[in-house]
Amino acid sequence: LRGRTWGIVTMSSILFDDIFVVTEKDPNGKFFDKVSRFVCKGEEYEMDLVIDINTDIYPMNKDEKFTLTLATTLNLDGRMEIEGSYMASDGETLADEYEYVMHGKVFKFGGKGQSVDLREIVVSFGGLLMQLTGDARNLHGISLDQNLYLLIRKNYHLLDSTSICSFLHTLSHPSLGEICIFIFIQLPFSQ
């Protein structure tokens, strides 16, 4: 996974990891007040991603870059949770390194079109959907009916000036303002 340092996390629990750039926001219009659909393109694996995000708690805009990780567990030691439950830990978890986390289930998994090499997975996170399409070799370890954690963090150090202005605009969000200021001040030290 591109030489990432995960601390003591077991790499077998990480099924997919890439940096994506948002190419479109709400391409078919906005249907819900607090949710937007984003069309994104992966940088390393060139995967296509369509994902619903609760933008009321996690604002995102066109041209922003973010890391998306799919994992089987949040436990750093790779220990699986009991099916259908998650016990919050007093210790560190994989979620501590991310800003937005959802738990869901793969409900569609298969080839895309006539190509054997093209694979598509669709995951439901309580009604918010994610569709990931691309080279089947990048989606090994993922299967139908599998429970997954989706973890996202924005890549602020990879933003262009337009995205930085968009990020600064989110500072005006009443429920996130103080948190965003703290994160922004800490950015130079978090690399």
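**Reading the salt bridges**

Guide: Seven salt bridges are counted in this predicted model, where a side-chain nitrogen of Lys or Arg must lie within 4 Å of a carboxyl oxygen of Asp or Glu.

Visitor: What is the general idea behind such a pair?

Guide: Side chains of opposite charge can pair when their charged atoms come close. In this structure, one of the pairs is aspartate 52 with arginine 37, at 2.6 Å from N to O. The two residues are 15 residues apart, aspartate 52 in strand S3 (residues 48-54) and arginine 37 in strand S2 (residues 35-42).

Visitor: Is aspartate 52 buried or exposed?

Guide: Aspartate 52 counts as buried, because its relative accessibility is 7% and the cut-off for buried is under 20%. Arginine 37, by contrast, is partly exposed at 36%.

Visitor: Which residue does lysine 65 meet in a salt bridge?

Guide: Lysine 65 meets glutamate 43, with 3.0 Å from N to O. This pair links distant parts of the chain: lysine 65 belongs to strand S4 (residues 65-71), and glutamate 43 to the loop between S2 and S3, 22 residues apart. Lysine 65 is partly exposed at 22% relative accessibility, and glutamate 43 is partly exposed at 40%.

Visitor: What parts does the pair of lysine 154 and glutamate 64 tie together?

Guide: The side chains of these two residues form a salt bridge at 3.7 Å, N to O. Lysine 154 is in strand S8 (residues 147-154) and glutamate 64 is in the loop between S3 and S4, so the pair ties together parts 90 residues apart in sequence. Lysine 154 is buried at 11% relative accessible area, and glutamate 64 is buried at 2%.

How values were computed: Residues are numbered from 1 along each chain as its sequence is written. This is a predicted model: local features need pLDDT of at least 70, side-chain atom pairs count only at pLDDT 80 or more; totals for chains, interfaces and linings use all residues. Side-chain values use heavy atoms; hydrogens and water are left out. Helices (H or I, at least four residues) and strands (E, at least two) are DSSP runs, numbered from the N terminus. Buried means under 20% relative accessible area, exposed over 50%, partly exposed in between (1.4 Å probe, protein chains only).
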